[in-house]
Amino acid sequence: MTENSISINKKRLIKDMEAINSNTATPGNGSTRFSYSEEDRKTREYLSREFKNLNLEVKTDGAGNIRAKYNPKENDLPSVMIGSHIDTVMNGGEFDGLAGTIAALEVIRTIKENKTDITHPVELVIFSEEEGSNFGSTTVGSKVMTGKLTKEDLMTLYNSEKQPAYEVMKGSGFDADSIGEDLLQKDEVKAMMELHIEQGGVLEEESKSVGIVHAIAGMNTFQVTLNGVSNHAGTTPMPGRKDPLVGASKVIIALEEYARTQVNNTTVATVGKLECNPSGSNVINKTVTFNVDIRDIEQSGIDQVSNYLKDKVKETAERQQLEYEIDLIGTSAPARLSKTVIDTLVSKAENREMDYLKLHSGAVHDTMMLADVTDVAMIFVPSKNGISHSPDEYTSYEDIEDGANLMLEAVIELAQ
C-alpha cells in the first residue's frame, strides 16, 4: 500500500449500519425494511441528516431514488456514482444493500475530510425497491431511473394488497407523476460502482477478501397460474381429477432437471413462491400460482429455459385438463461490466496488496440497469457460508472496510 493512501472510518461505518438496522419490522427475526414502509422512512430521515452534515446536493425522484452529490469544484462535469439500496426482503439480513450504501457514504466522507483533490463530483445513489419485496419485480427504482419502467408500467405493477406501484409511491410522498421526466442521462455519469455482499460462497471458499465482478446475470421472472376443479379429497376418484397442484409439481420438477442438465453451467431456475387456493388439507385445489426465476450471464440460457417453461406449462395443462396463464412480470438482460473500471479496481487492489478474485454475479443488481448509460463495475465482499436473504446473513466489517477502501481509491482515480 502506498504511503499516501487514505482509508475509510470503520467505526463510523459500523455506527451507521447498526443505527439503520434498528429500523426493522421484524425485531429479533432479521431485517425487514421494505421500500415505502415506515422503516424505510426512518432510514431516509437518518441518511438525510448525514447528507446535510456533508452539505451534499440532494434530489429524490418520483420512485424514491436518492441522488446525493459531493461537488467541491461546483462544476457540471459528469459524476462518479457509487451506492446501492436500503430495502430488504422479508426477514432478510443486515448487510444486503445497506453495506454498499454506507460504504459509499463513507467514501464521500473520507474524500471530503481529507480534502482530496478531485475534479469530477462524486454522487451517492440509493435505489428504491431493489429487492422486489413489494411488487414481485426486482430493481424497480433503477429501471425507473433509466427509463426501463414507465409511469404507465407502474400503474399495472401491484403489491399483495392489489395497490399499483404508482399509487404506493404517491402515497409515500414521492412525485410519481414526474416519473419519466428526469431520467439519468449519459452525460451525467462518468462511471458507476456498487459494493455489495457476494450472497454466495465463492470468496469465502477461495479465501479472498474482495471480488471484482466482470458480469451480472440477467433474469426473467414469470408468474404461472394453473386452474383446475376444486373438490373433496376423499370422494373424488383419482381418474379424471383436474388438480392444478399436481400439474404445478410436474412443471417444477421438469424445469429443475432441464436447467440443471440441458443448458449452460451458469444457468439457474428457481420456484421460490407458490400459492394454493383454497389450500385445505382435505381439498383438491382450484388454483395454483407460482413464480419462476430464471437467470444466466448468457442471454441464450435465459431464453432457452424461458421457452422450455412455456412449452412445459402448455403441455402439462393440456394433459392434466387445466386452464393456464403464464405472464412475464420482470426481465433484465445480462450485463458485461466495464473493462476500464475493472482494470482500475484491479490496479488499486494490487496497490493495497488485497487478495482479490474476478467472478460473476448470479444475483441481479441495480448496477446492471446503468450498463447502457455509463461504465459500471461491482465490488463483492464475502458472505459467511454463502448465506443471504436470511437473518443468518453475515459479512465481517473488516471485509466491508477492505471493499470500501478499494472503492475509495478507484473513485479518487476516476474523479481526477
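Tutor: Let's begin with terms. On a 1 Å grid over the protein atoms alone, a cavity is a set of points where a 1.4 Å probe fits but cannot get out, a pocket is an open set with protein on both sides within 12 Å along at least five of seven lines, and lining residues have an atom within 4 Å of a point. This is a predicted model, in which local features need pLDDT of at least 70 and side-chain atom pairs count only at pLDDT 80 or more, while totals for chains, interfaces and linings use all residues. Residues are numbered from 1 along each chain as its sequence is written, and side-chain values use heavy atoms, with hydrogens and water left out.

Student: Which residues line the second largest cavity?

Tutor: The general idea is that rolling a probe the size of a water molecule over the atoms shows where empty space is left. Here, the lining of the second largest cavity consists of D61, G62, V144, M145, S178, I179, G180, D182 and L183. Its volume is about 50 Å³, where a volume is the space filled by probe spheres set on grid points joined across faces, edges and corners.

Student: What classes of residue make up the lining of the second largest cavity?

Tutor: Ala, Val, Leu, Ile, Met, Phe, Trp, Tyr, Cys and Pro count as nonpolar, Asp, Glu, Lys and Arg as charged, and the others, Gly among them, as polar. That lining has four nonpolar, three polar and two charged residues.

Student: How many cavities of 30 Å³ or more are there?

Tutor: There are two. The largest cavity holds about 70 Å³, and its lining is K59, T60, D61, N65, R67, M145, D182, L183 and L184. By class, these are three nonpolar, two polar and four charged residues.

Student: Now an open space: what lines the second largest pocket?

Tutor: Its lining has 15 residues, with F34, N134, N159, E161 and Q163 nearest the centre. Four nonpolar, eight polar and three charged residues make up that lining, and the volume of the second largest pocket is about 250 Å³.

Student: How does the radius of gyration of the chain agree with that of a compact globule?

Tutor: The radius of gyration is taken over C-alpha atoms, and the globule rule is 2.2 Å times the number of residues to the power 0.38. For 416 residues the rule gives a value near 22 Å, and the chain has 23 Å, which agrees. Along the principal axes, the C-alpha atoms fill a box of roughly 80 × 45 × 40 Å.
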